[in-house]
Amino acid sequence: MSDTPSLVQGTDELLVSLCNSVTRVLNVATTCHIQYSGMVQRIKKTYLKPDIGCFVLFDGGFSGLVIINFSAAAAMELYRSYLLNMGMSESDLASSHTSDEVSNVMGELMNQVVGDFTGKVRRELQTHITQNQPKMLVLNKQVQLSVDANLDNPEARRVTFYTASNNIFYLELAVDNTEFIKLHDFDAAEVVDPDAIIAQAAQPSRPASSATADTADVETEALLKSLGM
């Protein structure tokens, strides 16, 4: 799950993989440069915090909870960058982080983030987890979130993220204290790039039937020459 191969993958490796999914998806979707702190906090409880809190539960091979708490400034920067990158005009954008449209967009971005993460879990840990639909809440005070995700011995972490304009948001991960131990070497499945497939399909290609017809014409011409015709 991390850049350094390891025989054992634990909570911190899962966290690094999740953080990389956040930066990868948001960098591509918003064309903003997103980065996260090199330090991580061990926390006892997970919270939804102002101004926009988003959470999603996952279950399967292991269970857990992902929370992202956006400041109003961070949410609006990502929201605006995402829609402008999609071709929308400035006049069509919401002006306040309390708008339903902002919550919907941030929920969609988080859905993409967790989808990227679950894909890596499937490929690299060879197990399967499912996620529910992300829930977005506009908040004016802190709310402790009780986790009903079958966690027997939960561990929680918090990581600080920075946008291109140095606006801040936080990711919190609560997951069972678990380890994945590699029993034998295997090759992780390649990531399918849908954009590359579409581009390849769009390239003009010479039909096989045409190539076969050309070969037949050459052979026919050679036969006629051999007969003096």
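This is a predicted model: local features need pLDDT of at least 70, side-chain atom pairs count only at pLDDT 80 or more; totals for chains, interfaces and linings use all residues.
Now let's look at α2 itself. This helix has 14 residues, and at 1.5 Å a residue they should span 20 Å; the C-alpha atoms at its ends are 20 Å apart, so expectation and model agree. Where does the helix sit? Ten of its 14 residues are buried, which means that α2 is largely enclosed by the rest of the structure. Among the buried ones you will find Ala72, Met76, Leu78 and Tyr79, and also Glu77 and Ser81. The cover over these buried residues includes three helices or strands you can pick out by name, α1, β5 and α3, along with β6 and β11.

In soluble globular proteins, nonpolar side chains tend to be buried together. The largest nonpolar core in this model has 46 residues, and Tyr79, Phe169 and Leu171 have the most contacts inside it. Elements that each supply at least two of its residues include α1, α2, β10 and β11. The largest share, ten residues, comes from α3.

Setting aside neighbours within four places in sequence, its contacts include Ala74 and Leu78, both of which are buried residues of α2. Phenylalanine 169 also touches Val22, Leu26, Ile68 and Val159, among others.

Methods. Residues are numbered from 1 along each chain as its sequence is written. Side-chain values use heavy atoms; hydrogens and water are left out. A nonpolar core is a set of buried Ala, Val, Leu, Ile, Met, Phe, Trp, Tyr and Cys residues joined through side-chain atoms within 4.5 Å. Buried means under 20% relative accessible area, exposed over 50%, partly exposed in between (1.4 Å probe, protein chains only). Helices (H or I, at least four residues) and strands (E, at least two) are DSSP runs, numbered from the N terminus. Contact means heavy atoms within 4.5 Å. The expected span of a helix is 1.5 Å times one less than its number of residues.
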